[in-house]
Amino acid sequence: MRAVLKVLVPLMLLLGAIAWGASVLVEHTARRWFDRDTRMRAELAVSGARDGLERALRKGERARVRRILGEVARDERVLGAAACDPEGALVASTSEYPEPFDCGRIRAHAAAGAAAPVTSAFEAPYGETRVHLTAVPLADEEGPLGFVALVHDMSWVATREEQTRGFLAVAFAIVALAAAVATTLAARFSWRGWSAELQRVLRATWLMPGPSAPPRTRREFQPLLSDVRALVSELASEQSEGRAGLWSPARLRDALARHLPGSEVIVVANREPYIHERRDGVLRVQHPASGLVTALEPVVQATGGTWIAHGSGAADREVVDRHARVRVPPDDPAYTLRRVWLTAAEEEGYYYGFSNEGLWPLCHVAHTRPTFRGGDFAAYRDANRKFADAVCEEANGPDPVVLVQDYHFALLPRMIRERLPRATIITFWHIPWPNSERFGICPWGPEILEGMLGSSILGFHVQAHCNNFLDSVDRYLEARLDRERQSVVLGGQETLIRAYPISIDWPTRWAADAPAAPLCRERVFADLGLAPDALLGVGIDRLDYTKGIEERLLAVERLLERFPQFRGRFTFAQLAAPSRTRIPRYQELNRNVEEVARRVNERFGEGDYRPIVLLREHHEPPTVFRYYRAADLCYVSSLHDGMNLVAKEFVAARDDEAGVLVLSRFTGASRELGEALLVNPYDLEEASSALAAALAMPREEQRERMRALRTFVSEFNVYRWAGRMLVDAGRLRKRDRVSGRITVPFRTVPGEAGGRR
Ligand code: F6P
């Protein structure tokens with residue numbers, strides 16, 4: 001009904017406007033006609049009496065002139081007639097001739113309207129009506145004799161116009177009614193057609209989930225259907241798991257054993273989960289500040305296998321065997337960490353150069369210009385090859401499950417595919433994928449895409465990034481796109497493109513180990529020197545320009561400007577782990593953040609009170625979780641972020657169901673965590689209002705929001721993220737095995753069967 005009204009109301013308004021325009025047009029045209037008609041009538045009336053009039057006038061027979069004028073004015077619409085001499089003096093007139101229109105006035109008007117002695121006419125008001133005046137010139141052989149003035153009553157014209165307007169209104173009302181009825185009927189019938197078609201296709205989809213050929217359908221249904229198919233396949237896989245409820249390490253192990261039996265798991269990620277350092281002669285293990293590690297480590301602990309990473313710690317070589325392997329976690333080994341050694345030049349070109357000065361700014365809308373250097377890309381290619389060598393060395397069989405992580409390894413999937421054609425390669429891109437126009441900036445775009453399409457499955461956090469990737473392939477590669485299946489077929493090999501929103505482990509081990517919230521608050525308040533009734537906000541990030549740290553501190557400044565009640569009471573602690581510090585843009589960011597913090601502290605600080613506490617160093621997870629638990633709010637202000645796991649960690653940390661999450665709309669997490677206060681971090685008014693609302697939020701509302709957030713994150717945890725990818729990979733592998741057993745080809749739909757994976 002609402003949709004019908006949406007069409008009908010503008011339609012009625014349009015018809016009303018047309019009706020009004022038409023009535024104005026008709027009125028104008030009718031007036032011109034009436035004018036012409038009246039003038040003709042006047043000329044006709046005078047011409048019938050012209051001879052008699054001219055003779056009488058020439059002889060000065062006023063009584064005869066008056067009589068003839070009486071004849072001329074017999075028409076019921078003529079109010080009166082007058083004969084005037086050439087100088088504009090009255091010769092004679094009928095008795096009802098209206099006084100205001102004396103001969104002089106008419107002559108003046110006629111002279112203004114025409115240079116030659118021709119009939120002239122004009123309209124003038126007369127009491128409550130209007131009259132039409134016509135001056136018809138008279139002359140004989142001897143010269144001009146003056147003119148006859150005829151005054152026509154025009155009140156009938158107004159009546160006609162009224163009638164015409166009425167008629168038009170009725171006609172348009174009928175048309176509008178007919179249009180409304182036709183629109184409603186058309187909407188009804190097409191809606192019925194649509195629902196029937198949708199039901200048909202949904203039934204077909206429901207009956208054959210999985211990789212079989214989808215039913216043929218209209219183009220406009222395809223996006224909806226691919227969502228439905230994804231949902232159906234998800235539900236089917238949940239059912240085939242034989243259990244509902246939370247994903248856990250045990251369930252993930254189980255899914256791996258059921259769907260990919262006997263498979264070995266090899267993870268490739270640039271960042272290693274444990275970094276060995278030596279400080280003051282003591283060997284220490286560091287947990288890097290990395291969303292990827294946060295998410296992936298619990299998964300690999302559950303599945304076992306091998307994690308191949310760049311050995312970046314100063315003491316990394318001290319703890320590995322001769323194959324550069326070490327069992328981790330150090331206190332309870334569950335899998336193997338295989339380190340790859342890179343030279344300083346390789347690290348410079350591959351990691352700092354192409355990965356972090358090229359691809360990182362390319363993929364994030366954060367206004368830092370990407371830098372592409374040929375030398376960096378060559379180093380990137382070489383480093384990818386080095387990791388491909390490591391994968392082949394670690395693989396014990398021809399078909400391992402290889403989980404390739406992130407933008408450091410765009411070329412790796414194809415390199416692995418060429419050497420291990422039967423491997424199942426699941427690539428996950430942890431950062432956003434830009435739109436195809438922006439992606440075109442990268443000089444090696446097609447090679448990057450081809451490299452990634454060596455994967456069996458390519459995952460992004462959100463559907464929008466999958467769509468951007470498909471658009472990029474469409475624009476820069478000769479490949480077959482199947483938007484319905486969300487896949488790309490290149491060289492006979494199919495890659496599924498899927499959204500798998502990443503998450504964290506649940507229950508989160510760091511939260512489980514942390515002291516209770518009041519104790520954390522006590523400890524953090526003591527460390528920061530805060531009064532017991534102070535209010536605390538936290539931000540936890542790598543010092544990266546995509547995280548919007550400057551904007552965050554500016555929002556704190558705006559909060560203190562607009563809401564003086566928080567001055568002296570609210571402190572914002574920013575834990576910022578130095579990151580990629582060799583890159584000039586990161587050095588600049590570091591300076592800017594320091595400068596903003598100094599300025600805000602100068603403006604609003606007093607005595608011991610500093611509104612911003614900047615802690616620029618690496619913090620181990622127990623400290624981070626202490627801050628999460630101590631805070632009244634956590635502000636995640638990323639300018640662009642694939643997911644952002646700080647938001648989810650904050651939620652996981654708050655088992656006291658207190659604290660408020662203020663979250664940037666430009667994070668993948670904002671699509672899932674709707675109970676947070678969502679803000680545009682560029683909009684300092686909105687952001688500072690949200691901070692104020694968070695600080696003033698009643699406990700009951702905090703609890704309600706936090707409870708909903710915790711339910712979501714517990715359910716959509718990282719085991720589910722990994723489980724869904726593994727189940728999808730298992731299904732693909734099964735399909736390929738089945739089609740590999742069939743020796744006689746039975747169908748030839750191009751690209752349908754795909755290649756081996
Ligand atoms: O979020 C993108 C990402 O590369 C993650 O994958 C990783 O956790 C994080 O940035 C840290 O970056 P780096 O490994 O360069 O310190």
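Buried residues (under 20% relative accessible area, with exposed over 50% and partly exposed in between; 1.4 Å probe, protein chains only) account for 53% of the 757 residues in the protein. The model is predicted: local features require pLDDT of at least 70, side-chain atom pairs count only at pLDDT 80 or more, and totals for chains, interfaces and linings use all residues. Residues are numbered from 1 along each chain as its sequence is written, and side-chain values use heavy atoms, without hydrogens and water.

The radius of gyration, taken over C-alpha atoms, is 43 Å. A compact globule of 757 residues would have a value near 27 Å, by the rule of 2.2 Å times the number of residues to the power 0.38. The C-alpha trace spans about 140 × 85 × 50 Å along its principal axes.

Secondary structure comprises 23 helices and 23 strands. These are DSSP runs numbered from the N terminus, with helices (H or I) of at least four residues and strands (E) of at least two.

Val-328 to Pro-329 has omega near -10°. Pro-329 sits in the loop between strands S10 (325–328) and S11 (335–340). Trp-506 to Pro-507 has omega near -5°. Pro-507 occupies the loop between strand S17 (493–499) and helix H15 (509–513).

Most residues other than glycine have a negative phi. Asp-280 has phi near 50°. Asp-280 lies between strands S7 (275–279) and S8 (282–286) and is exposed, at 74% relative accessible area. Arg-580 has phi of about 45°. Its loop links strand S19 (570–577) and helix H18 (584–604); Arg-580 is buried, at 11%.
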